[in-house]
Structures are given as C-alpha cells and as structure tokens.
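Dear colleague,

Please find below the structure that I am handing over to you.

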Amino acid sequence: LEKKRRILQKLNEGVIFEKFLHTKYVGQKRFSLEGGETTIAALDAIINTAADKGVQEVAIGMAHRGRLNVLANIMGKTYEQIFSEFEGTAKLDQTMGSGDVKYHLGFGAEIETVNNKKIHLKLAPNPSHLEAVDPVVVGFSRAKADVMYQSDYDKILPVLIHGDASIAGQGVVYELLQMSGLQGYYTGGTFHFVINNQIGFTTDFDDARSSDYCTSLAAAIQAPVFHVNGDDPEAVIRAVEIATRYRQEFNSDIFVDMVCYRRH
C-alpha cells in the first residue's frame, strides 16, 4: 500500500506540474511530459531501488521532454526557480546562446530516499540536440567512478532518458552502445529509459524507422529490453526495479521501453 501511495504521489506531482504550465504559460514552447507522466514515478523507483543496492550517485542525461518536471519532482529544484526562468528573469550564462534555455540547464542535488538513504543526483546540462548529452553523462560516470569510488562501478549509475525517435534516429546512440563494453569506456552498465510516445516531433513511427522497435539497437550489445505500457504505472515500476537490480547484479546495459503517447 505504501508503494502504491508513493506511485500515486509521484504521478500527481507530474500531472499537476504539467497542467499548471499548460494553463499559465499558454503558447510557450513546452516539451510536455503529458501522456508519459509515469516517467516521474519510474525515475523515483529507479533512484530508490538503486540506493538500496548500494548506489551513491545517479547521473542522469535527458533531452527536453519532461526535463522541467524531472527537475522539480525528482531533483527537488524549486518551482520558484523554474517559473522565474519561464518569466525570463533568470540570469543565464550567455556563452551557450539563449533560445529555449530552460530546457538545457543542468542541476545537482542530494536527496533522501524512502528508506532514508542519501543519494546524490546529477542532471547534466544538455546544450545541444537530444542525444548529444549521452556520451557526456557516461564519460562523467566513468571518471567519477575511477576518481571518487576507486573504480567500483556499483556506486554510480548512469541513467539516460531517450525519446523513441531520437534513440532510433541518432548515430551517437549507436556509437555510445558499441563502446560500452570496451575497457577504456566501461561504466558497469547504463540504464536506458525510453519515453516512447510513438511520435518524433511530427513524424509517425511508421515513417521513422525500419526496425520493429525503437530499442532494436539494444541487440547490438545483447542488452535486455523491457517493453512496458506507460498507462500501467505499477507495471512500469516493476520493470524499472527489475532493470535496476539487473544492472547492479550483472553490470551491463539495460533498456526499459515505456510505450505511452503524447497528449499535445
């Protein structure tokens, strides 16, 4: 029951946040998580399970969709900070150019899990396009594991949140995967979470890729893939918990393909 409450709470947080943005900032460019809000509950479950399995730090890389929601409801960035960026009052580092900057910012935080364990979270800034942040996060994790944790890869977990169109469509994802087993680049396994809302900007998945699944790429490194229905939060939580335990046990990449939809 406690777990169900936790899932409900996280779903509520995710839904209300998007609803507020949708009513308050009408017409602003928004990469809304609506239709895939289970992502928030899933990330929460990954972090809690990881902490119980000895992970001390989670490095997250993601594109724009759902980023503000993750900042608010996972990382604990205050609503005040986020909304002031919407109002355009935030002092921004102009070296990276401006544009829709609020979707590019990074954040670091230390949070306490449900079982009172402390875990450090890092959301890498993503100043470029979609999957460009992936190798940055994985390299960061590797360096951090070597320097801070004496190469104990169980202590730091890289989590990459992909879109279905970008994981299938961007070459950097394959480059990342094919290097994942190499001695110089090994990180003890990366958790790949796909928000599969079945549309890439305006392209239907039938017109976007030749493979059956957006995650068919995982076959290149024999990584297991869980395909799970985003409208069934309990199933998603079950899948990500198994996946997190799998990564900690077998230290290889793992994919969760959450099939959902895009509301707007």
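**Helix 1 and its surroundings**

Helix 1, covering residues 2-24, has 23 residues and spans 33 Å from its first C-alpha to its last, which is close to the 33 Å expected at 1.5 Å a residue. Please bear in mind throughout that this is a predicted model.

The buried residues of helix 1 are Ile 7, Lys 10, Leu 11, Gly 14, Phe 17, Glu 18 and Leu 21. Among the elements that cover these buried residues are helix 2 (38-52), helix 3 (67-73), helix 4 (79-86) and helix 8 (233-250).

On the side of helix 1, the contact is made by Lys 3, Lys 4, Ile 7 and Leu 11, while helix 8 contributes Pro 233, Glu 234, Ile 237 and Glu 241. Sorted by class, this contact of helix 1 with helix 8 holds four nonpolar, no polar and four charged residues.

The model contains an open sheet of seven strands, arranged in the order 2-3-1-4-5-9-8, with mixed pairing. Its edge strands are strand 2 (107-112) and strand 8 (225-229), each of which pairs on one side only. On average, neighbouring strands of this sheet are turned by 20° against each other, direction ignored.

Several pairings within the sheet may be followed strand by strand. Strand 1 (residues 57-62) pairs with strand 4 in the parallel sense, over six bridges. Within that pairing, Met 62 has Ile 161 of strand 4 as its bridge partner. Strand 4 is in turn joined to strand 5 by five bridges, and these two strands run parallel; here the bridge partner of Leu 160 is His 192 in strand 5. Strand 5 (residues 191-196) also runs parallel to strand 9 (residues 254-259), to which six bridges join it. One of the residues concerned is Ile 195, whose bridge partner in strand 9 is Met 258.

**Helix 5 and helix 7**

Helix 5 (residues 134-148) and helix 7 (residues 171-179) pack at an angle of about 25°, with 9 Å between their axes. That angle makes helix 5 roughly parallel to helix 7. The contact involves Asp 134, Pro 135 and Val 138 of helix 5, together with Val 172, Val 173 and Leu 176 of helix 7. By class, the contact of helix 5 with helix 7 has five nonpolar, no polar and one charged residues.

**Leu 105**

Finally, a note on a single loop residue. Leu 105 is located in the loop between helix 4 and strand 2. Its relative accessibility is 23%, so Leu 105 counts as partly exposed. The C-alpha atoms of Leu 105 and Ala 124 are separated by 7.7 Å, and these residues are 19 residues apart along the chain.

With kind regards

Key. Residues are numbered from 1 along each chain as its sequence is written. This is a predicted model: local features need pLDDT of at least 70, side-chain atom pairs count only at pLDDT 80 or more; totals for chains, interfaces and linings use all residues. Side-chain values use heavy atoms; hydrogens and water are left out. Two strands pair if DSSP finds at least two bridges between them. Helices (H or I, at least four residues) and strands (E, at least two) are DSSP runs, numbered from the N terminus. Axes are lines fitted to C-alpha atoms, for helices over the stretch in contact, and angles run from 0 to 180 degrees between N-to-C directions. Angles under 35 degrees count as roughly parallel, over 145 as roughly antiparallel, 65 to 115 as roughly perpendicular and the rest as oblique. Contact means heavy atoms within 4.5 Å. Ala, Val, Leu, Ile, Met, Phe, Trp, Tyr, Cys and Pro count as nonpolar, Asp, Glu, Lys and Arg as charged, and the others, Gly among them, as polar. The expected span of a helix is 1.5 Å times one less than its number of residues. Buried means under 20% relative accessible area, exposed over 50%, partly exposed in between (1.4 Å probe, protein chains only).
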